[in-house]
Amino acid sequence: MTRGRYDSLIDGVVTVVVMLAAWQGLFAYAGDVAITPPFTTIAYAAALLGSETFWPHVGATLLAFVEALAISTVLGIALGLWLGLRRFAGDVAEPMLAALYTIPKVTLYPVILLLFGLNLSAKVAFGVIHGLIPIVLFTLAAVRNLPPVYRRAARALHLTPWQTVTRVLAPAVMPEIISGLRIGFAVTFLGVLIGEMFASQRGLGFLVINGINSHNVRLTTAVTMLIILFAVGANGALLAFARRRN
Amino acid sequence: MSRAAKILWTRAAVVVGAVLSLEIVCRAGLINPLTLIPPSEMAAAMLQMLASGEINGDIAHTFLTVAMAFIAAVLVGFVVGAALHELPRMRRAVDPLLASYYAIPIFVFYPLLVAVFGLNALPLIAIGFLAAVPAMLIGTLLGLDRVPRVLRKAAKVHRLNRIETVTRVVLPAALPDLFGGIKLALAYSFIGVIAGEFILSSGGLGYGIAYAYESFENRAMYGRMLFVLLVAIITNGILYAWEARLNRRRGRA
């Protein structure tokens, strides 16, 4: 046990070192018109985090992200449960949802903008159209793959519908719903960022695209790093949470 | 009517109903025509652009980019996936990266890719490739993991050599997951390329939509949009049906 943990610690350190080396190598190859080297970037990111003007952008992105995630989660789980329990509706809807999942949703962005205008709700809507479908699909699959014996057992024990849901169904589908949420989390964040990149005056996505357009490589690299750290960190936390539950 | 037929008909009814109600809502003037044009006009605009050859260049440009990104992603994803499968410790180290990969908005790397590859088609191909390659890699790992041990033993019993074992036993057994990976790789490379064109590039279908949006040409925008959506949905539908057939055949075998 301790040996395995020690090994994985070493593996983690080696992975990080290799990535930093690759980053430094990329800088050596592409030069500072494209990317800033790791330590400069970390220093600049630290300066950004200490500055007053940076936090409103973080706040704008997080606000839109939290709203979009809340809507995707509630709506996605509700829809997924319903489609999973109604077998026929689920069979009708599943391939359609899978097809919707594969369309390039950026192309819909103009429609979203025309419908919602250039403000917070367009970003939120864009996050939702990215995040909703994977959450529905995972929930649907979770409910459908439930062994029928669970529900029979619940009936045999004369559980009320509420007890059936809270004591039997919810714990059984939880691991798969958490994987769905993990993917939903990532793509919702992606959706919000894309929304900010295309038409917004605030937020991290705006900072990145602004950096790209004004050739502010330092800003782009630092914000990109912060975005990746946030995404990877949050994803790791959700993974650890899912593992602990199992 | 069989259950499968009923499902198909219901699905068709849902689609037709949605399109029709959108048409009615637009025609009745409930939605500003500057916001949304009726679906029939979108289709007309699309057909007109296709017939006049106006968007042929864009289509060829986008499809070629997607095709290169997709092929590269499938090849590299398969080879790296197979290699990682043989190197368990390496795989354990890479695993958290793979699990978090899709949380990263890839196209923020576009300026970097331009600096590395130059201002040509390669950065966009790279975006499509980067979007698609982990899907193929994960599909390959999953497929190889799921090859039943008894099949590998059977290959040993029959004294198959390494190549025969791979081509006759391992690959056929891993096929469903490999196919799943290929399917996702195609979808993701398409999404990546279109998104890259839309936000950053200056050519292709994605750029055409963004350009039409910015110059308020609704018909041009919705015509292209419909074309992109139809291509994605039809391709996905074909692969879905193919996959279902593949799985059915395996179920019987």
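How many helices and how many strands are there in chain A? Chain A has ten helices and zero strands. Before I continue, please note that what you see is a predicted model.

Let me begin with the two chains in turn. Read from the N terminus, the elements of chain A run α-α-α-α-α-α-α-α-α-α. The C-alpha atoms of chain A fill a box of roughly 70 × 55 × 30 Å along the principal axes. Chain A comprises 246 residues, and 39% of them are buried. As for its contacts with a separation of 6 or more, 76% are accounted for by residues 24 or more positions apart.

I turn to chain B. Its secondary structure also comes to ten helices and zero strands, and the order from the N terminus is α-α-α-α-α-α-α-α-α-α. The C-alpha trace of chain B spans about 70 × 60 × 30 Å along its principal axes. Of its 253 residues, 38% count as buried. When we take the contacts in chain B between residues at least 6 apart in sequence, 73% join residues at least 24 apart.

Next, the meeting of the two chains. Here 42 residues of chain A are in contact with 40 residues of chain B. On the side of chain A that touches chain B, two or more residues each come from α1 (2-30), α4 (87-102), α5 (109-116), α8 (161-198), α9 (204-213) and α10 (217-245) of chain A. Which element gives the largest share of that side? It is α10(A), with nine residues. By class, the residues on this side of chain A are 32 nonpolar, eight polar and two charged.

I now come to the nonpolar core. In soluble globular proteins, nonpolar side chains tend to be buried together. In this model, the largest nonpolar core has 125 residues. The residues with the most contacts inside this core are Phe189(A), Ala73(B), Ile127(B), Ala132(B), Met136(B), Ala185(B) and Ile194(B). Helix α8 of chain B, residues 162-199, supplies the largest share of the core, namely 16 residues. Let us look at Ala185(B) in particular. Setting aside neighbours within four places in sequence, Ala185(B) is in contact with Phe70(B), Ala73(B), Val74(B), Gly77(B), Ala132(B), Ala135(B) and Met136(B).

Helix α8(B) also takes part in a helix pair. The axes of α7(B), residues 149-157, and α8(B) come within 10 Å and cross at roughly 165 degrees. Why is this pair described as roughly antiparallel? The crossing angle is over 145 degrees, so α7(B) counts as roughly antiparallel to α8(B). Their crossing is right-handed. From α7(B), Leu151(B), Arg152(B) and Ala155(B) meet Thr165(B), Val169(B) and Ala173(B) of α8(B). This contact has four nonpolar residues, one polar and one charged.

A second pair in chain B is formed by α3(B), residues 56-86, and α9(B), residues 204-214. The axes of α3(B) and α9(B) come within 6 Å and cross at roughly 130 degrees. These two helices are therefore oblique to each other. On the α3(B) side, the contact is made by Asp58(B), Ile59(B), His61(B), Thr62(B) and Thr65(B). On the α9(B) side, it is made by Gly204(B), Leu205(B) and Gly208(B). By class, this contact has two nonpolar, five polar and one charged residues.

To close, I return to the overall picture: each chain has ten helices and zero strands, and 42 residues of chain A are in contact with 40 residues of chain B.

Technical notes
Residues numbered from 1 in each chain as written. Chains lettered and ligands numbered in written order. Predicted model: local features only at pLDDT ≥ 70, side-chain atom pairs only at ≥ 80, totals over all residues. Contact = placed C-beta atoms within 7 Å. Helix = DSSP H or I, 4+ residues; strand = E, 2+ residues; numbered from the N terminus. Nonpolar A, V, L, I, M, F, W, Y, C, P; charged D, E, K, R; others polar. Buried ≥ 20, exposed ≤ 12 C-beta atoms within 10 Å, placed from the backbone. Axes fitted to C-alpha atoms, helices over the stretch in contact; angles between N-to-C directions. Parallel < 35°, antiparallel > 145°, perpendicular 65-115°, else oblique. Core = buried A, V, L, I, M, F, W, Y, C linked by C-beta atoms within 7 Å. Left-handed = near helix turned anticlockwise from the far one by under 90°.
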